[in-house]
Amino acid sequence: MKIDQPKYKTSDAVDFVIVGSGAAGGILAKELSTNGFSVVVLEQGPYLHEKDFSHDEIKVLQEDQLTNHPKLQPNTFRKTPQDKAKPQRALVYGRAVGGTSNHFTANFWRFHEIDFKERSKIGQVAGSTLTDWPISYADLEPYYTKVEWEVGVSGLAGASPFDPPRSKPYPMPPLPVKSNGVIFERAARKLGWNPFPAPMAILSQPRAGRSACINCGFCLAFGCEVGAKSSSLASMIPLAERSGKCEIRPNSYVHKIEIDQRGRATGAVYFDEKKNVHLQRAKAVILSANGAETPRLLLLSASGKFPDGLANSSGYVGKNLMFNTGAVSVGVFEEQTNDYKGYAVSRILHDFYELDAQKVGFYGGGGLDARFDLTPIGFGIGGLPPGTPRWGKDFKAALAHNWTRTFEIFGHGTSLPVENNSFSVDPDVKDAWGLPALRLTYKDHADDLKLAHWLAARSMELLDAANAKQKWTFPIDEQQFGVHLLGTCRMGEDPKSSVINPDHQTHDVKNLFLCDGSSLVTSGRGQPTMTIMALAFRASDRIMALAKRGELGA
Amino acid sequence: MITELDRRKFLTHGIAALGATWTAAHWPAVVAAAEHAHHIALFPEDQKWEFFTPAEAKEIEALASCIIPSDGTPGAREAGVVYFIDRALVTFAIDDQKKYREGLPEIREQLHELFPGSTSFSAATPEQQEAVLASIDEAGAKNVPHRPRGNFNRPNSAAQPLFEVLRVHTIAGFLIDPEADRKGNRGGVGWALIGREPGHSFQPPFSAVDRDYPGWHPAPSVTAARKDADQK
């Protein structure tokens with residue numbers, strides 16, 4: 001269906017300019033535009049459609065069809081602020097209309113009550129800025145439900161004894177079980193654990209003009225060719241466009257937020273595809289550019305009035321970055337499971353969501369899932385057991401035998417917020433537009449690494465219980481690379497220790513809002529997109545309430 | 001029995017033209033046809049290479065064939081890996097041109113050092129070829145696989161010897177989606193070898209394991225699990 005979007009002039013102040021069209025930006029665009037506000041969405045990447053997606057691993061993984069490109073947008077990395085950062089790819093995020101939601105795995109766990117108030121429960125953790133959220137699970141619950149019903153999540157309510165309360169069941173049953181899910185479920189039950197059908201942002205039934213999953217097996221890193229994966233692109237952007245009030249403007253790379261003398265945002269400055277510079281005027285500005293680019297944009301918008309970066313009176317812009325802890329163990333089985341067919345994850349467990357720090361000796365918690373998210377080339381390069389010959393007939397024989405008999409147990413867990421862990425701008429390295437590159441500073445909190453080893457040990461127990469013929473854990477190294485980009489403009493009541501208030505309004509600029517992974521106060525146990533989307537629905541309500549009360553007043 | 005018509009069909013269109021069921025039923029014949037196709041059809045005189053010289057192409061094909069040999073089932077040779085790499089070096093792997101151009105003579109030097117009097121890698125005996133590869137596979141002895149980062153595997157090829165880059169490119173050329181316009185995995189032989197059925201849409205049951213799954217039922221007791229978790 002052809003949709004005629006409005007074309008707004010850059011000189012006309014629209015009600016909202018939204019930077020980014022991903023998990024949060026897509027929802028904000030849909031909510032604001034369908035409620036009558038004029039919206040321009042500036043997306044740095046191209047506008048790709050289902051027909052543009054493919055299973056070409058080279059195009060997607062080497063040529064970065066859907067993601068930030070390391071040549072155009074180099075990164076640097078250092079472990080501590082005392083080190084000199086070196087060029088190194090430090091992150092991957094979606095760079096196309098739909099953002100990272102185009103290529104996510106689609107695990108959609110809600111955060112639990114504990115995630116919002118963990119600091120109060122466990123007290124201070126040395127070396128961490130762990131703090132409570134200013135909102136509770138109960139505040140967010142209606143919006144989690146909204147994500148499930150409006151964006152589209154398949155699952156089974158009440159299946160996990162550890163699940164937080166919910167106001168409504170899932171709109172669709174779980175996706176069909178995978179063979180690795182069956183093996184995971186049986187083994188976990190043997191151990192007395194509580195496996196359950198994974199909630200996934202993938203349609204198990206046709207819905208809202210979108211197809212159900214066809215089990216092609218290319219989820220992580222790939223765009224969905226049938227619109228079954230509940231990306232912003234498939235679910236929200238079309239509704240925003242149909243409102244007649246929203247213009248999606250791709251290939252628009254925002255590099256500065258314009259501020260007037262009163263300290264109010266007046267619009268977003270961006271490069272178009274030909275590197276011409278424009279200012280899109282707006283009555284209010286919302287940044288949903290992700291947990292790396294949102295803080296970078298604030299830092300790039302430093303001015304005489306805001307010398308340390310826009311909205312950075314707390315000094316917390318870019319800091320307290322959390323990647324989520326992860327550990328991956330692998331099993332090879334006697335029987336064929338053919339887990340390359342289908343979406344990634346069909347069974348998970350949350351028995352370890354909240355570990356007792358006194359007993360285990362560290363803070364943290366997490367969940368396990370059974371998955372096979374390697375695609376053929378990735379598997380050939382790195383999916384065979386340690387010690388397998390790397391070439392020759394035995395290598396070939398292992399490839400032939402293992403592809404249909406391998407799956408992984410992925411442990412996902414908490415990351416503690418650490419002030420030094422951050423995204424900032426590199427003083428030397430520039431991107432293809434001449435702007436300072438993103439610089440990552442990251443060193444895992446010691447408890448995060450202990451948690452990773454602990455989760456890997458549970459995964460190995462499970463693989464034992466499942467009679468895996470071979471099993472191993474990929475090396476657990478300090479993280480120098482992230483895809484979950486969380487906590488870098490955290491939400492809080494206190495302007496001294498947070499960047500946005502519970503309405504997602506920056507403490508310093510009343511008509512500037514931030515909503516994406518940067519808003520999170522804690523990391524949850526992995527799978528942050530569900531919470532980012534719920535926050536976006538809630539932020540939409542809060543922002544519209546402020547607008548209706550005339551409190552944005554550009 | 002493979003007929004002459006089938007053989008011709010294969011030679012002109014590859015396995016895809018014959019259909020999965022036919023392919024499964026005639027696999028040994030397909031392999032024989034593939035090997036035959038190689039001998040009669042590979043490197044025609046008018047073959048236009050995009051990057052390699054004909055002599056380089058011959059060497060690369062022999063090297064790739066050591067990595068994934070044709071040992072009764074199709075290998076890198078039948079998958080057309082050399083064509084994939086030739087295309088790669090003018091597209092996504094353009095930065096690796098120098099590595100190939102300078103790395104090949106180094107491999108030949110290694111061959112000469114181990115086997116004085118030998119002329120080229122492709123002309124060496126299989127035993128000699130394997131000995132050369134073993135001597136240049138520096139990482140082989142300490143092979144601990146690292147998980148491709150969330151599938152975003154990008155070997156830092158600038159810092160790696162040709163063998164490492166060639167290994168990755170050979171695997172990629174063998175296992176790339178045959179429908180991608182990359183000249184690799186010809187006829188889907190790579191996917192057929194690993195048991196990846198052709199096509200991009202599947203329905204459960206996915207294997208015998210989930211065929212008889214009775215459906216999900218709640219666990220009998222939660223308390224025991226909580227207790228167990230606390231004791232870890």
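1. Two strands are said to pair if DSSP finds at least two bridges between them, and helices (H or I, at least four residues) and strands (E, at least two) are DSSP runs, numbered from the N terminus. By this rule β1(A) and strand β2 (residues 39-42) of chain A pair in the parallel sense over four bridges, with Ile18(A) standing opposite Val41(A) in β2(A).

2. The model is a predicted one, in which local features need pLDDT of at least 70 and side-chain atom pairs count only at pLDDT 80 or more, while totals for chains, interfaces and linings use all residues. Residues are numbered from 1 along each chain as its sequence is written, chains are lettered from A and ligands numbered from 1 in the order in which they are written, and side-chain values use heavy atoms, with hydrogens and water left out.

3. Strand β1 (residues 14-19) of chain A is largely enclosed by the rest of the structure, because six of its six residues are buried (buried means under 20% relative accessible area, exposed over 50%, and partly exposed in between, with a 1.4 Å probe and protein chains only).

4. The pairing of β10(A) with β13(A) is antiparallel over eight bridges, and in it Thr325(A) has Gly413(A) as its bridge partner. Strand β12 (residues 366-371) of chain A also runs antiparallel to β13(A), to which six bridges join it, and Ala370(A) has Ile409(A) as its bridge partner there.

5. Over all chains, a search of the whole structure finds 25 aromatic pairs, where rings of Phe, Tyr and Trp (its six-membered ring) pair if their centres lie within 6.5 Å, and planes under 30 degrees apart count as stacked, over 60 as edge-to-face and the rest as tilted. One of these, formed by Phe323(A) and Tyr442(A), is stacked at 4.3 Å centre to centre, with 20° between the planes. The pair links distant parts of the chain, 119 residues apart: Phe323(A) is in the loop between α9 (293-300) and β10 (325-332) of chain A, and Tyr442(A) is in the loop between β15 (436-441) and α13 (446-465) of chain A. Both Phe323(A) and Tyr442(A) are buried. Elsewhere, Phe111(A), Phe116(A), Trp133(A), Tyr137(A) and Tyr144(A) form one aromatic cluster.

6. There are 41 salt bridges over all chains, a salt bridge being a side-chain nitrogen of Lys or Arg within 4 Å of a carboxyl oxygen of Asp or Glu. In the one between Asp115(A) and Arg525(A), the closest N and O atoms are 2.5 Å apart. Asp115(A) lies in helix α3 (residues 113-116) of chain A and Arg525(A) in the loop between β17 (512-514) and α14 (529-548) of chain A, so this pair ties together parts that are 410 residues apart in sequence. Asp115(A) and Arg525(A) are both buried.

7. Two further salt bridges may be read side by side. Arg262(A) and Asp260(A) meet through their side chains at 3.4 Å, N to O; Arg262(A) is exposed, with a relative accessible area of 54%, while Asp260(A) counts as partly exposed at 22% relative accessibility. Asp431(A) and Arg296(A) meet at 2.9 Å, N to O, and since Asp431(A) lies in the loop between β14 (422-430) and β15 of chain A and Arg296(A) in helix α9 of chain A, the pair ties together parts that are 135 residues apart in sequence. Asp431(A) is buried, with a relative accessible area of 7%, and Arg296(A) counts as buried at 4% relative accessibility.

8. Turning to the interface, 70 residues of chain B are in contact with 89 residues of chain A (contact means heavy atoms within 4.5 Å). Between them the two chains bury about 6800 Å², 59% of it on carbon and sulfur atoms, where buried area is the accessible area (1.4 Å probe) that two parts lose on being put together, summed over both. Seven salt bridges are counted between chain B and chain A, including that of Asp71(B) with Lys396(A) at 2.7 Å, N to O.
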